[in-house]
Number of protein chains: 4
Amino acid sequence: MSIGLGLIGTGFMGKAHALAYRAAGAVFGDLPELRLALLCDTPGEKAGAMARQFGFAAATDDWRTLVESPEVDIVSITTPNGLHKEMALAAMAAGKHVHCEKPMALTLDDAREMEAAARAAGVRTIVGYNYIHNPAFAHARRMIDEGVIGRPVHFRGVVDEDYQADPDLAWTWRATRAAAGLGTLGDLGCHLVSMAVGLMGPLESLLADTQTIHATRPLADGSGRAAVENEDTASAIVRFRSGAQGTLLTSRSAWGRKNRLDFEVHGTKGMIAFSQERMNELQLFVADEPRARQGFRTILTGPEHPPYGAFCPAPGHQLGFGDLKTIEAGHFLRAIAAGEPAYPDFTAALGFEAAIHAIDVAAREGRRVEL
Amino acid sequence: MSIGLGLIGTGFMGKAHALAYRAAGAVFGDLPELRLALLCDTPGEKAGAMARQFGFAAATDDWRTLVESPEVDIVSITTPNGLHKEMALAAMAAGKHVHCEKPMALTLDDAREMEAAARAAGVRTIVGYNYIHNPAFAHARRMIDEGVIGRPVHFRGVVDEDYQADPDLAWTWRATRAAAGLGTLGDLGCHLVSMAVGLMGPLESLLADTQTIHATRPLADGSGRAAVENEDTASAIVRFRSGAQGTLLTSRSAWGRKNRLDFEVHGTKGMIAFSQERMNELQLFVADEPRARQGFRTILTGPEHPPYGAFCPAPGHQLGFGDLKTIEAGHFLRAIAAGEPAYPDFTAALGFEAAIHAIDVAAREGRRVEL
Amino acid sequence: MSIGLGLIGTGFMGKAHALAYRAAGAVFGDLPELRLALLCDTPGEKAGAMARQFGFAAATDDWRTLVESPEVDIVSITTPNGLHKEMALAAMAAGKHVHCEKPMALTLDDAREMEAAARAAGVRTIVGYNYIHNPAFAHARRMIDEGVIGRPVHFRGVVDEDYQADPDLAWTWRATRAAAGLGTLGDLGCHLVSMAVGLMGPLESLLADTQTIHATRPLADGSGRAAVENEDTASAIVRFRSGAQGTLLTSRSAWGRKNRLDFEVHGTKGMIAFSQERMNELQLFVADEPRARQGFRTILTGPEHPPYGAFCPAPGHQLGFGDLKTIEAGHFLRAIAAGEPAYPDFTAALGFEAAIHAIDVAAREGRRVEL
Amino acid sequence: MSIGLGLIGTGFMGKAHALAYRAAGAVFGDLPELRLALLCDTPGEKAGAMARQFGFAAATDDWRTLVESPEVDIVSITTPNGLHKEMALAAMAAGKHVHCEKPMALTLDDAREMEAAARAAGVRTIVGYNYIHNPAFAHARRMIDEGVIGRPVHFRGVVDEDYQADPDLAWTWRATRAAAGLGTLGDLGCHLVSMAVGLMGPLESLLADTQTIHATRPLADGSGRAAVENEDTASAIVRFRSGAQGTLLTSRSAWGRKNRLDFEVHGTKGMIAFSQERMNELQLFVADEPRARQGFRTILTGPEHPPYGAFCPAPGHQLGFGDLKTIEAGHFLRAIAAGEPAYPDFTAALGFEAAIHAIDVAAREGRRVEL
């Protein structure tokens, strides 16, 4: 079996996908054969140059050509979020598996349409929630499943960056609901939801508030200022179906935070905490030591935390952001080969994204929103 | 001028007050003379023994005697919270200044009555919100005032301990609304509010949810289980009058947290963060360095952060919990000598405590509560 | 039994002693009664003013008067190091117990003379190695004694500050061998030795090198530059009598370090690490957990780590620098009352100080020095 | 120009090289074309299987075939250290560029022979000191060059792991001088030297001591115990040619340390510190802020620290261990294309390795060794 990859986009996430799929087969010994078949970007010269750099067999400037190419079995979509839906629907209609970056779509209705189409098409899908592929995250989840911290009863999560912190940044289309959809919730918040749900199970309902810190931003041409339509921060208090509670907090205007994606899970016997800016560490407190020796343990990930060992047999040597994407790509290829759902597929991802839209609604309408 | 101190209580906070008032005059060179006049506890033998240990001139087992003693100018109240009101009202009626531990009272109505009485009596009052006397906290506030991080636009605060984390702990009166009032909000949450308000200004309104993790606890005599009536966790999303938003989170069942009282203030030019478990450190990020050299700075407190230097002329040598109480005592003595309000007096503290009751109401009634 | 304290000096350490002796009796319930009898400084006005601030019964500007006063049982010596010897010898000759700040003397010969006099006089002595009175240090030692980390086989220690880091600082007498003796070894290095010996047992021999970073410094009057005669940094590789090895490193010119007094003890089953700038934390690694959950634990000190609980019954609330001095004072008073040696007395301290002089000799002579 | 890679070995470092060379061209847009030409391991079946996994065009079980293959331009040597010399000499004799893992050889004489051969052959060489390719390290060096911390005057370095900490580990050939050469100095210490020299310039002389903690280890077959001939720890006090001093410390028996490769550079105006276990962070202290705001800054690496941006355009997203090897591979390919020396080539690496042998000699002979 040989699987052909068609990749749309060569930016931040496009390159991340290209590097991940290039590496996955060599990292893991158990993957189906993969061909880097076709790369799409515009203009065509750029597509060609990047295809040479990334090692793709061919290039195109027309994503529909890619979607329909018989060389392509997986369509990887890394374009701006507003384009995901049309591309994914076309790819699935053509019988292709789809690897789509997050968030799936600008609106919940669009995401629902994509999810329904995926179920109808019977193809494999995965959405790029790469942080939950971290061996540290998998270990946290495993420890919870094993009862190491008892019953999980409370969750605290925060995801902050500072790319919109500067008051003097120029206005762009990213400030509009029409072109960008949600603000920090769509960029960052949905990653946090993927972690919360992955560790605590499904959400039940929530209260929320949001804030646009910089109500207007200067136009780049100096002609004045335009409104920022989506949120800079969002804060939600959530209830999980399990009865647990928690909070989900996010800001894209948090000076100094570069990729702060932190959580803590409070259990009846202990606590687990994690910070993405130190992604190779996990904090664990359990109450079963002699009291004078209790304390949070900093667990450095290593071969004991699969699939770390596929990258390096020595602990504490550190995985990087790109490695998480490689794990994601490997997982998707394995799912395709096995004919089983990947995680998170469009159905699971729809669940994550329903939550960020619920936060938006709860904040705008001032009421508890059920999920 | 010589001021006589009458202290009621010799437990955790009673000893803290005794040590603080003993030390304050020697630490600071500018305080009025203080006499450790009278110590009250029951039984009388205990009061006598502790008076000898703490250096008080006399002891009594009757707090009314203390309140009325002509030797006593300040009444320090460190008894269980349900007793504060009666003692404070009697002390103020007798014309005494009052140093009351937090929270002021079990209910907001009681706290309001105390505040009104203080205003009517014209005496000096202070409530034991000791964490805001930390030189690190004062420095954070000063940096905000000086504009170091621009306009403060968002606040995140959390205060967690684990003294109620163990599911097997026996039921006590602390689990009842009647005897203990609020749960983690009263014990811990009000400290966090004191920090939030101190840094961001007054609160305007909030949403909240609370959770009782352990719905019942075993009775100590093994005869069964009894209900826990107050909250183990509370989460609030707040709006400040300034337009800033934020969150206030607390748990008394957070394994591994011993005195986690953390905040971060997001400004338009930078960020300040603090963690009480490392109370001699302040984190500062400002965006005015060359980008390649930007990062959070760990500022170790020292003589540049008054009144640290009164304890030690060398930076990084660390103040402790007791030193914060000494600063509080010194501040109160100075206010009395100057005939000016201390901070936080009953009026300011009522503001803090209104917030924790508002969180309780918001959670129980499922609605936004104005302050 | 009532013990009278005579304190010489009111600077950094003088105030620290005053505060500690004021507090000790109230903190600990088991101490003999103490009178703050007599305070000495010059001029007499200053002595009188500080006596009032610190609560001493009387003041003098003549240390010989203090040493001979019948009101005085303990003589606390906090003057510049070059004065310690004469004062200590006089005090011991007068039959007084002596609490001397570290280092005991400028030269090893002087320290030996003091130690011999102490043995001859039969009085109690203690030297101000306050960091080993930290409950965290005591806990580290106890864990080693209990075998928690197996046999201790290697020690790494460093003590750095930055008070001599600035190249533009003016020359002072502290730069001279005659007036100040050693450089960073005397100020800082001897503290590190006290920790090393306390945890690993006696030293056997060492290799060393030292460095004077700023060979000259500007004279304060602008008239030129003068030589710095003592070392800014010192590094030693040591062998302990137990067969363990290790390193002792120190710098007084280490920018950004305010009180970095760090150690790690490598054992055959685990490791303990400590950093004075986070003096309420202890790091412990033991290899007896399931491998996937192993990691360094951050133990926050609390009542489980005596005598923390005498200050505060709640863990994680933090002791400060002054509290260590209070523990030291309490320990000395208890030793005097019991008629037993305090630790470290002049004999033990001589051992510490022999090590810093050995480092100096090893560095100057380029050879291994036996202890 | 197309460059063919021949890789010998498929273990820890073999896989690291394979992944790095696979990725380098796609990560960096400016590299010459690379072919994964030939992979060597034994037995041949393993070589074939790994060639398929890693994407090599062909496989062999005979390293001499690889070295002489016309398809091969670079020979990557990742076999046990005792084999490096023969392979490297053969490869260079065949006119191939050589990418050799560290240390170059078991003895200094062997390394010298390799270095002389490289100069004679005129080929490009590089040795796998991958940690100095970290963008954080490059940034540290650049800041030193730019004078950000003034003149560097002191260096502290430590490299610890715990792979030989367990007293019950079985004896292997790695414990022998004949088969393994040095102990922790060869495995770990040479990495530290590469950092020290990279930041401070060449070493001049040193004092040292070493220690074999576990003098014997049990034979795997239970037939008794055998001697450990090489060192578990090594400690050196060094002088640099610049006049700076410092220390180099290493242990392979340091429980809990997984890849602790830490340094600090003391400058006359500031300090830089780094810890490999948090390899995306750099600590910087500079004394040019207002004193009350000074502190160590935690700089998270990002696109401002080249070549981080080639992997990810967003700061704080973390590179991993494998990415360092990719940078190393890219650097070597670029050097070959440009016809310029790579760093560290055999000449530079010989300098590093001379230092670890000097430490060994200094320790055994108890004298200062010049470099």
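Predicted model: local features only at pLDDT ≥ 70, side-chain atom pairs only at ≥ 80, totals over all residues.
1. Basis. Local features need pLDDT of at least 70, and side-chain atom pairs count only at pLDDT 80 or more. Residues are numbered from 1 along each chain as its sequence is written, and chains are lettered from A in the order in which they are written.

2. Helix contact. In chain C, helix α5 (residues 108–121) packs against helix α11 (residues 346–365) at an angle of about 170 degrees, with the axes 10 Å apart. The two helices are therefore roughly antiparallel (an angle over 145 degrees). Among the residues that meet are C:L108 and C:M114 from α5(C) and C:F346 and C:L350 from α11(C); contact means heavy atoms within 4.5 Å. The residues of this contact divide into seven nonpolar, two polar and four charged.

3. Aromatic pairs. There are 44 aromatic pairs over all chains; rings of Phe, Tyr and Trp (its six-membered ring) pair if their centres lie within 6.5 Å. B:F285 and B:F296 have ring centres 5.3 Å apart and planes at 45 degrees, so this pair is tilted (planes under 30 degrees apart count as stacked, over 60 as edge-to-face and the rest as tilted). B:F285 lies in strand β15 and B:F296 in strand β16, eleven residues apart. B:F285 is buried at 1% relative accessibility (buried means under 20% relative accessible area, with a 1.4 Å probe and protein chains only), and B:F296 is buried at 10%.

4. Charges over rings. The charged end of B:R334 sits over the ring of B:F28, 5.0 Å from its centre. D:R334 lies over the face of D:F28, at 5.0 Å from the ring centre. For Arg, this requires CZ within 6 Å of the ring centre and within 35 degrees of the ring normal.

Key: Heavy atoms only, no water. Axes fitted to C-alpha atoms, helices over the stretch in contact; angles between N-to-C directions. Helix = DSSP H or I, 4+ residues; strand = E, 2+ residues; numbered from the N terminus. Parallel < 35°, antiparallel > 145°, perpendicular 65-115°, else oblique. Nonpolar A, V, L, I, M, F, W, Y, C, P; charged D, E, K, R; others polar. Buried < 20%, exposed > 50% of the residue type's maximum accessible area, 1.4 Å probe, protein only.
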